[in-house]
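Subject: Structure handover

Hello,

Here is the structure for your files. Please open it next to this message while you read.

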Amino acid sequence: QVQLVESGGGLVSPGGSHQLSCAASRRIFAIMGWYRQAPGKQRELVAAATSGGRTIYADSVKGRFTISRDIGKNTVSLQMNSLEPEDTAVYYCASGGDYRSLSDYTFVEVWGQGTLVTVSS
């Protein structure tokens, strides 16, 4: 069973930048990405990267967040810029081979433990 270990959560000021990282215990699936869940809200896709080099972003983060994937090292990172209080959430690293996961988080096969990002002054 693949394990995903995240790092990088913390407190960030509005307008600031922050980076999340995720490492897989072994070679992972076609899709690796980040989801987030804010209090009282449904878990949602933030960004994903496929093994073919395609990247997908939620409309709310386009132009602010960048996902990077190193297939050889089994890692994925999320660079977050111009952070807003609305970005406050638990961020989860995720992986799987089912492309339905890009629109429905229930199709994700492996989850990390989650890391909290709080954007506040």
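Predicted model: local features only at pLDDT ≥ 70, side-chain atom pairs only at ≥ 80, totals over all residues.

Residues are numbered from 1 along each chain as its sequence is written, and side-chain values use heavy atoms, with hydrogens and water left out.

The sheet

Helices and strands here are DSSP runs numbered from the N terminus (helices are H or I with at least four residues, strands are E with at least two). An open sheet is formed by four strands, ordered 1-3-8-7, with antiparallel pairing. Strand 1 (4-7) and strand 7 are the edge strands; each has a single partner strand, so one side of each has no neighbour in the sheet. From one strand to the next, the twist averages 15 degrees (axes are lines fitted to C-alpha atoms, for helices over the stretch in contact, and angles run from 0 to 180 degrees between N-to-C directions). Two strands count as paired if DSSP finds at least two bridges between them. Strands 7 and 8 run antiparallel and are joined by six bridges; S68 has S77 in strand 8 as its bridge partner.

Loop residues

N74 sits in the loop that links strand 7 (65-70) to strand 8 (75-80). Its phi is near 60 degrees, a positive value in a residue other than glycine. Is N74 buried or exposed? N74 is buried, because its relative accessible area is 14% (buried means under 20%, exposed over 50%, and partly exposed in between, with a 1.4 Å probe and protein chains only). Leaving out residues up to four places away in sequence, N74 touches C22, A23, A24, R26, R27, I28 and M32 (contact means heavy atoms within 4.5 Å).

S82 is in the loop between strand 8 and strand 9. S82 also has a positive phi, near 50 degrees, and is a residue other than glycine. With a relative accessible area of 41%, S82 is partly exposed.

K62 belongs to the loop between strand 6 (55-57) and strand 7. K62 is exposed, at 51% relative accessible area. Its C-alpha atom is separated by 26 Å from that of G72, 10 residues apart along the chain.

Cavity and pocket

Both were searched for on a 1 Å grid over the protein atoms alone: a cavity is a set of points where a 1.4 Å probe fits but cannot get out, a pocket is an open set with protein on both sides within 12 Å along at least five of seven lines, and lining residues have an atom within 4 Å of a point. Points are joined across faces, edges and corners, and a volume is the space filled by probe spheres set on the points.

The whole structure holds one cavity of 30 Å³ or more. The largest cavity has a volume of about 50 Å³. Strand 4 (31-37) and strand 9 (89-96) are the elements that give two or more residues to its lining. Strand 4 gives the most, with four residues. The lining includes I31, M32, Y35 and E109.

The largest pocket has a volume of about 150 Å³. Its lining consists of R36, Q37, A38, K41, Q42, E44, P85, E86, T88 and A89.

Regards
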